[in-house]
Amino acid sequence: MRIAVFASGNGSNFQALVEYFKENEVPATIDWLFCDRPDAFVLQRAEKLGIKATCFSPKEFASKVLYEQAILEELANHQIDLIVLAGYLRIIGKELLTAYENKIINIHPSLLPDFPGLHGIRDAFEARVKETGVTVHYVDSGVDTGPIIRQEKVEIEPQDTLVTLEEKIHRIEHRIFPEAIVELINMGDSTQ
Ligand code: GRF
């Protein structure tokens, strides 16, 4: 199975995935990175890790449909079976959802359905809830709404700051994201 990762920023999850897939015997490979922001640090990570990357922005296209059609062309060129969103800050449109039905997975830094959207960690911290967490889920047309694949909780302790909470969440993400993907592949999901 050939996997593409989509990312827009730092790319720590992308790196964790690539390292896990290189270090463990899994029936899949991370073959391609798509990035929509030319200044994103994830592109430097891809170069260091030796993963092919392509970057273009929707601004370069007359419509979202054309933007996603260009992505689909690249996905076909790289013979991608499964798309993994790791900090990709755009809503997936109809073109991609139709072509990759049930084959797009996302990671979100909260216990969905609580705190969807761009600031899951900060929103949970500011709401003063006692626990939050990480969710791996299938992508549908909503914002962080698809069927849940795996969740892990983390306690927000009185001494936590936003920074320490972010660190805890990212540690969990880097561990459970590759594990959840491999489990799905081994179960035969996302392969039909
Ligand atoms: C992660 O917290 C992920 O859950 C969210 O975006 C963040 C990406 O971080 N979707 P990074 O770019 O992988 O470091």
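Trainee: Which residues does the UniProt annotation "binding site" cover?
Mentor: The unreviewed entry lists Lys64, Leu89, Arg90, Ile91, Ile92 and Asn106. UniProt positions follow the numbering used here, feature names are shortened, and annotations may be inferred rather than shown by experiment. Residues are numbered from 1 along each chain as its sequence is written. Also, this is a predicted model, where local features need pLDDT of at least 70, side-chain atom pairs count only at pLDDT 80 or more, and totals for chains, interfaces and linings use all residues, while side-chain values use heavy atoms, leaving out hydrogens and water.

Trainee: Okay, where does leucine 89 lie?
Mentor: In the loop between strand β4 and helix α4 (94-99) (DSSP runs numbered from the N terminus: helices are H or I, at least four residues; strands are E, at least two).

Trainee: And what does leucine 89 touch?
Mentor: Ser8, Arg37 and Leu118, leaving aside residues up to four places away in sequence (contact means heavy atoms within 4.5 Å). Leucine 89 is partly exposed, at 44% relative accessible area (buried is under 20%, exposed over 50%, partly exposed in between, with a 1.4 Å probe and protein chains only).

Trainee: Is asparagine 106 buried or exposed?
Mentor: Buried, with a relative accessible area of 7%. Asparagine 106 is in strand β5, and its contacts beyond four places in sequence include Leu85, Asp144 and Phe177.

Trainee: New topic: how many strands form the open sheet?
Mentor: 7, in the order β3-β2-β1-β4-β5-β6-β7, with mixed pairing (two strands pair if DSSP finds at least two bridges between them).

Trainee: Which strands stand at the edges?
Mentor: β3 (53-55) and β7 (148-155); each has a single partner strand, so one side of each lacks a neighbour in the sheet.
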